[in-house]
Each structure stands twice: as C-alpha cells, then as structure tokens.
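Reader: I have a model on my screen and want to learn to read it. Where do we begin?

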Amino acid sequence: MARRQAKPEGVLESPKDTFDKAKQLMEYWAERDNRMDTAWKLYTTEDEEQTRRATEEWGSYKTNLPKVLGNAVSSIISREEPIYRIPTDAMAQEERQQTSEIERFLKGCRRECDLTLRQSSQGSLSGSSVRNITIRGWYGAARVIIQKPKETGGSPIDFALWDPRDVYPEPSPGRPRRIIHVYDTTVSTLKEDTSIDWPEDVELEATDVVSVCDDWVCVNNEVWNGVAVSNIGKMPEGTWLLEPRRVPKLRHLPIIMGPVCGDVINPRTDG
C-alpha cells in the first residue's frame with residue numbers, strides 16, 4: 001500500500017485557515033467583483049414596458065439592450081471551433097507524425113470537456129467560455145486535469161468550468177501559487193457530487209446552505225488541494241469536505257484564468 005505523502009508545513013493547515021485566506025483574497029479582488037456585478041446588472045437589464053408592448057401590441061421588435069448585444073457577440077464568437085496546430089517547420093518526419101497525434105488528442109479533450117458541460121446543463125464549452133469573456137471580462141476559470149481513463153470511468157479529462165466571479169487567485173509575479181474557488185450551495189446539491197464523501201460527523205439538513213472553499217496550492221512544484229465547508233449557524237469554524245491531498249503528476253495549478261486583454265492581474269487595472 002502506497003504511503004501518503006506528508007503535507008508541507010503551513011499548507012492547508014485547517015478549514016479556518018482556508019476560509020481566512022479566502023476572505024483576504026475576496027477583499028483584495030473586491031473592486032474586480034464590483035465591476036463584474038455592475039456588468040451583470042447591465043446585462044440583465046430589462047425594459048418591462050417595451051417587453052409588455054412587444055407582447056401585447058407589436059408581435060416582434062428590435063432592441064439594443066445590453067443582453068441582446070451580449071448574446072449576439074457571444075453567438076458570433078462561439079460559432080468557430082478552435083484549430084489546434086503545432087508548428088512543424090523545424091521538425092523531423094517522425095516528430096511531425098507525433099504532433100498530429102497530439103493535435104487529435106487535444107481535439108478529443110475539447111470534445112470531452114464540451115460533453116461534460118452539456119451533461120451538467122451548462123451549455124457548450126464555446127458558449128460558456130465566450131459568455132465569461134463578454135460579460136465577466138475574464139476568461140476561465142477552467143480546472144483541467146488529464147488523467148488515465150480508468151480513473152474517470154472512460155474519460156481522460158477531469159474538467160470543470162467556473163464562473164470567474166467566484167475564483168480568487170493569490171497575487172503573484174509569475175504563475176499563481178494559490179487559487180481558491182468560493183461559492184455557496186445547499187447540502188443536497190453538494191452531496192450529488194459523487195467524487196466527494198460527505199463527513200459522517202457533520203449534522204446538517206439537506207436544505208442547509210453551506211459556504212464552500214475549493215483551495216488549490218502549489219508549493220515546491222507540488223500541487224495540493226483541499227475542500228472546506230462551513231455553515232454560519234451550525235458549523236462556523238468549518239470542516240474538511242475533502243481532506244488536503246497532493247494531486248499527483250502536477251507541477252503547476254491546473255486552473256486557467258485571467259483578464260481579457262490584461263497581461264498583469266491587478267484588480268485596479270484589469271476588470
């Protein structure tokens with residue numbers, strides 16, 4: 001039986017440590033979040049009088065409401081699937097054949113990611129990604145882990161697409177060293193995730209709302225992940241839903257995200 005690797009000191013020390021860090025990052029990115037909230041309010045603006053008249057009197061009409069423009073832009077951008085091409089000018093013939101296999105593999109990975117989203121009623125990968133870009137102003141955040149098919153029931157991809165509004169990277173001059181996905185959900189919804197075993201000592205009702213922190217940390221080229229949950233009334237200190245563990249074969253965080261047209265992630269310059 002393989003020995004469990006010891007967790008580095010100071011990494012994912014406790015659920016409280018994760019929630020405290022999440023709070024710090026949420027304060028740091030508060031201006032970014034405000035911009036995203038403002039953009040969302042603009043996107044969801046409805047002219048109730050115009051809608052009523054269109055329904056009762058006009059039959060059809062044209063409008064330039066932000067939601068209509070946003071959907072039009074998203075539709076245009078998401079029509080074309082990305083093309084995977086690896087430059088082969090300086091490669092030998094054998095290497096060129098390998099690049100073709102890699103390109104086919106990447107296409108297959110994208111199809112798997114798209115299927116995962118459609119099965120979870122989130123729409124297509126292209127549509128969901130473009131909506132993040134046009135409404136949130138950030139691409140991602142996508143968690144992508146390539147692993148052996150036997151570990152995923154036939155799929156080589158462990159994939160999730162998150163709303164950038166709920167994802168908080170720790171400021172870093174290079175690759176992010178810590179990213180926390182923060183969101184609220186109900187106990188019943190959380191239990192539907194079959195990849196996570198619900199702690200037996202946690203006594204919460206199915207309808208109770210819990211805060212979740214999916215915490216990803218990279219230390220010394222090792223990636224560690226833990227999921228903490230808390231409930232203000234019954235479990236304020238929180239508990240581990242998924243005990244911190246090292247994710248094998250990863251040297252960097254498997255999360256892709258960032259501001260559109262922004263090369264420096266700064267809450268005051270990129271929104």
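Author: Begin with a helix pair: the crossing of H4 and H6 is right-handed. A crossing is left-handed if the near helix is turned anticlockwise from the far one by less than a right angle, and right-handed if clockwise. Helices (H or I, at least four residues) and strands (E, at least two) are DSSP runs, numbered from the N terminus. This is a predicted model: local features need pLDDT of at least 70, side-chain atom pairs count only at pLDDT 80 or more, and totals for chains, interfaces and linings use all residues. Residues are numbered from 1 along each chain as its sequence is written, and side-chain values use heavy atoms, without hydrogens and water.

Reader: Which residues of H4 and H6 make the contact?

Author: Contact means heavy atoms within 4.5 Å. H4 supplies Gly70, Val73, Ser74, Ile77 and Ser78. H6 supplies Ser126, Gly127, Val130, Arg131 and Thr134. They divide into 3 nonpolar, 6 polar and 1 charged. (Ala, Val, Leu, Ile, Met, Phe, Trp, Tyr, Cys and Pro count as nonpolar; Asp, Glu, Lys and Arg as charged; the others, Gly among them, as polar.)

Reader: In what order do the strands of the open sheet lie?

Author: Two strands pair if DSSP finds at least two bridges between them. Here 5 strands run in the order E3-E4-E5-E6-E7, with antiparallel pairing. The edge strands are E3 (167–169) and E7 (235–247), each pairing on one side only. From one strand to the next, the twist averages 20°.

Reader: How many bridges join the antiparallel strands E4 and E5?

Author: The count is 9 bridges. Arg178 has Val217 in E5 as its bridge partner. E3 and E4 are joined by 3 bridges, and Val167 stands opposite His181 in E4. E6 (residues 222–231) pairs with E7 over 7 bridges. There, Val227 stands opposite Leu242 in E7.

Reader: Which helix lies across these strands?

Author: Helix H1 (residues 15–28) lies across E3, E4, E5, E6 and E7. H1 runs at about 100° to E4. Axes are lines fitted to C-alpha atoms, for helices over the stretch in contact, and angles run from 0 to 180 degrees between N-to-C directions.

Reader: How many aromatic pairs does a search of the whole structure find?

Author: Rings of Phe, Tyr and Trp (its six-membered ring) pair if their centres lie within 6.5 Å; planes under 30 degrees apart count as stacked, over 60 as edge-to-face and the rest as tilted. The search finds 3 pairs. Trp29 and Trp138 have ring centres 5.6 Å apart and planes at 90°, so this pair is edge-to-face. Trp29 sits in the loop between H1 and H2 (30–43), and Trp138 in strand E1 (residues 138–146), 109 residues apart.
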